[in-house]
Amino acid sequence: MVEEKEKNMQKEKVGVYICHCGTNIAGTIDVEEVREWAGNNPNVEVARDYEFMCSSTGQELIEKDIKEKGLTRVVVASCSPHMHEKTFRGATERGGLNPFLYEMANIREHDSWATNDKEAATQKAKSLVNGAIERVVHHEPLEKIPVEINPNTLVVGGGIAGITAALELANSGKHVYLVEREGTIGGHMAQIDKTFPTLDCSACILTPKMVDVGQHDNITLLTYSEVEKVDGYIGNFEISVRKKARCVEEELCTSCGICEEKCPAQVVDEGYGAGLGYRKAIYRAFPQAVPGYPVLDKENCIYFQTGKCRACEKFCPTEAINFEQEDEMLKFNVGNIIIATGYDLFDARQIPQYGYGRLENVFTSLEFERMVNASGPTGGHVVLRDGETEPERVAIVHCVGSRDKNYNEYCSKVCCMYSLKFAHLVHEHLPETEVYDFYIDMRTPGKGYEEFYNRLLKEDTHFIRGRVAEITDADHQPGEEGKLIVQAENTLLGKQQRVPVDMVILSAGIEARADSEKVANLFKMGCDYDGFFNERHPKLAPVATMTDGVFIAGACQGPKDIPETVAQGGAAASQVASLIGQGTVMMEPVRASIREEDCSGCRICNNLCPYNAIEFDAEKEVSEVITALCQGCGTCVAACPSGAIDGAHFTNTQVMSELQGLLWDVQPAPEKVNV
Ligand SMILES: Cc1cc2nc3c(=O)[nH]c(=O)nc-3n(C[C@H](O)[C@H](O)[C@H](O)COP(=O)(O)OP(=O)(O)OC[C@H]3O[C@@H](n4cnc5c(N)ncnc54)[C@H](O)[C@@H]3O)c2cc1C
């Protein structure tokens with residue numbers, strides 16, 4: 001290794017470029033000192049610093065030096081490779097070098113942004129730059145791998161995000177497989193009564209889109225289904241889906257609803273009904289469900305539990321009920337995947353002092369959405385749990401499970417707006433009822449949102465600024481029997497307030513789905529601290545993920561209202577359409593390869609590879625990497641006991657040289673020679 005290094009040291013001409021990034025880097029690091037210091041490295045032909053290396057002038061510096069000074073390697077010390085690795089690879093290529101003969105040192109996120117200590121930051125910048133120089137001399141030219149894109153797309157999740165993405169692609173002539181876990185598409189938007197800020201009926205704007213999905217020639221709709229396995233890579237994913245048995249023959253069912261009517265089982269509707277109403281054991285979530293076939297819930301079906309009943313089968317006019325139906329496994333190939341699995345509502349039981357689940361007339365926001373809906377369990381009447389009594393005083397409590405260090409620190413973004421909507425709807429249904437709205441800060445950014453708030457200010461709602469401490473029942477307080485007492489500090493008046501009400505609505509926050517980590521693993525994405533799926537870049541690539549060909553849209557990426565969700569669904573679809581339009585994409589050549597002569601055939605790497613990209617050749621008794629499947633993660637390289645696997649662009653020599661370079665102040669850098 002040392003010999004090879006010495007050979008390289010004499011023949012390579014490295015150009016080093018230190019970026020100021022305005023004052024982001026230069027405010028903490030002495031860039032001139034780092035530049036001068038780097039220029040003394042024996043491998044360095046030229047070292048420069050510039051205010052913004054990513055600007056066109058900065059890039060032209062690199063291109064010009066490659067041409068005029070005959071550079072053979074390039075190092076840029078600037079920000080994270082996530083931001084600009086591609087930019088500087090492009091500049092290197094335009095200068096006439098292979099783009100992989102370039103290395104980036106992150107002296108911003110890893111250095112200047114991490115400390116105010118200028119001396120230490122400058123010293124660390126020298127180490128990072130030296131590591132990059134020592135590494136880049138061992139880089140090899142690599143060629144990108146062309147991959148054809150299968151024009152079919154998988155969309156996972158049939159809420160408004162998935163529906164939008166699927167329709168955008170289908171309308172542009174591309175085939176979509178839309179996989180939805182529940183018996184119908186629609187997601188949370190189907191549960192909502194009216195939508196802020198315009199108060200248009202949710203079903204009226206959603207249902208036509210659901211029908212379009214159900215009828216579209218370019219959409220294969222798989223409801224009551226889940227993706228179980230994903231193999232492959234951008235352009236060519238192989239998807240395995242479990243289509244769960246509905247116990248209903250879809251070709252025979254006419255969606256007449258007789259089975260549901262005759263079913264004697266009553267089940268609390270925890271799904272679409274948000275726990276407020278009842279459904280049957282064979283049921284459609286709601287009348288406009290798409291598809292219209294019911295689902296038989298075996299756990300609550302009297303026949304499946306006791307062996308007796310079969311009423312649905314008896315009365316079905318088309319003999320569509322099939323108790324013997326089994327789950328089906330389907331396999332298909334797609335080029336790209338859009339994940340739109342949405343959110344869960346925060347479970348308000350986690351805050352015992354708010355009494356949800358213990359105090360009868362404490363409701364969650366989704367329960368209230370169902371209650372206020374004309375097709376909901378109370379027929380749209382705002383009533384207490386007894387189903388009859390209209391509340392005279394209603395409290396709405398914001399930020400339940402949001403902006404709270406004990407639960408979720410983030411703001412759920414939609415709760416202020418839907419709480420204002422609830423205040424309006426209570427007055428619309430019960431004009432005489434007093435509404436008390438307990439908020440911490442009123443957050444209404446969005447088109448027409450502040451105007452909606454101003455409208456509410458004129459609708460006689462009592463706004464109380466302060467976090468609610470406790471909700472208790474007042475059964476032992478003479479004259480207040482049956483009331484709930486909401487206790488809060490009014491921070492504007494600076495005093496404790498005790499408000500007796502009949503009904504409390506908890507504006508629960510938006511959380512990542514409980515199974516988000518499992519779904520992230522399945523599709524090889526990452527989750528953030530709160531469990532939402534990670535985007536490739538929060539500003540510049542909000543719907544892409546770190547896995548090529550896998551996109552995200554809607555509330556699975558973070559709390560979002562409907563307009564934002566729809567915008568993301570469209571954005572994800574257009575990125576997929578552009579990839580399909582290209583026909584071929586070039587994949588990074590950072591891949592593993594096995595040196596046959598050194599492989600002992602132990603197969604340890606076969607089972608460790610997370611992409612199933614290693615096969616065993618029984619005849620030769622060695623393992624082989626399937627290059628198209630390999631994602632260059634390096635697991636096999638690290639695990640191979642014979643050291644027979646090389647990771648292109650991450651060879652042992654490259655990594656060890658970088659480490660030695662980083663530790664230059666522990667082991668002195670070599671003297672400058674021949675420059
Ligand atoms: C009480 C309340 C009121 C609201 N009111 C409004 C309003 O008035 N206006 C507004 O703009 N916004 C409102 N919102 C926000 C709105 O609900 C969201 O913006 C919107 O529903 C997000 O849509 P989505 O498609 O991303 O997610 P979802 O609606 O959650 O849909 C996700 C879909 O994916 C499916 N799914 C999940 N996991 C899987 C899996 N592994 N495989 C297959 N399918 C899966 C789910 O079953 C679901 O159908 C409100 C939110 C709440 C809580």
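## A ligand between two domains

Because domain 2 (151–242 + 519–589) and domain 4 (344–511) both give residues to the shell around the ligand, the ligand lies between them; the domain bounds come from an automatic or database domain assignment. The model is a predicted one, in which local features need pLDDT of at least 70 and side-chain atom pairs count only at pLDDT 80 or more, while totals for chains, interfaces and linings use all residues. Residues are numbered from 1 along each chain as its sequence is written.

The ligand is surrounded by 38 residues, of which the closest are Gly 157, Gly 159, Gly 187, Gly 342 and Gly 554; a residue is near a molecule if its C-beta atom, placed from the backbone, lies within 6 Å of it. Two or more residues of this shell come from each of helix H8 (160–171), strand E19 (343–345), helix H13 (365–372), helix H14 (415–429) and helix H17 (562–582). Helices (H or I, at least four residues) and strands (E, at least two) are DSSP runs, numbered from the N terminus. The shell divides by class into 17 nonpolar, 12 polar and nine charged residues, where Ala, Val, Leu, Ile, Met, Phe, Trp, Tyr, Cys and Pro count as nonpolar, Asp, Glu, Lys and Arg as charged, and the others, Gly among them, as polar.

The domain assignment of the protein is as follows.

| Domain | Residues |
|---|---|
| Domain 1 | 2–142 + 651–662 |
| Domain 2 | 151–242 + 519–589 |
| Domain 3 | 245–326 |
| Domain 4 | 344–511 |
| Domain 5 | 592–647 |

Between the centres of domain 3 and domain 4, taken over C-alpha atoms, there are 35 Å. Seven residues of domain 3 are in contact with eight residues of domain 4, two residues being in contact if their C-beta atoms, placed from the backbone, lie within 7 Å. On the side of domain 3 that touches domain 4, the residues are four nonpolar, three polar and no charged.

The protein as a whole has 20 helices and 34 strands, and 44% of its 675 residues count as buried, that is, with 20 or more other C-beta atoms, placed from the backbone, within 10 Å of their own.

The largest nonpolar core has 130 residues, and those with the most contacts inside it are Ala 166, Val 504 and Leu 506; such a core is a set of buried Ala, Val, Leu, Ile, Met, Phe, Trp, Tyr and Cys residues joined through C-beta atoms within 7 Å. Helix H14 provides the largest share of this core, nine residues.

Key
A residue is buried if 20 or more other C-beta atoms lie within 10 Å of its own, exposed if 12 or fewer, and partly exposed in between; C-beta atoms are placed from the backbone.
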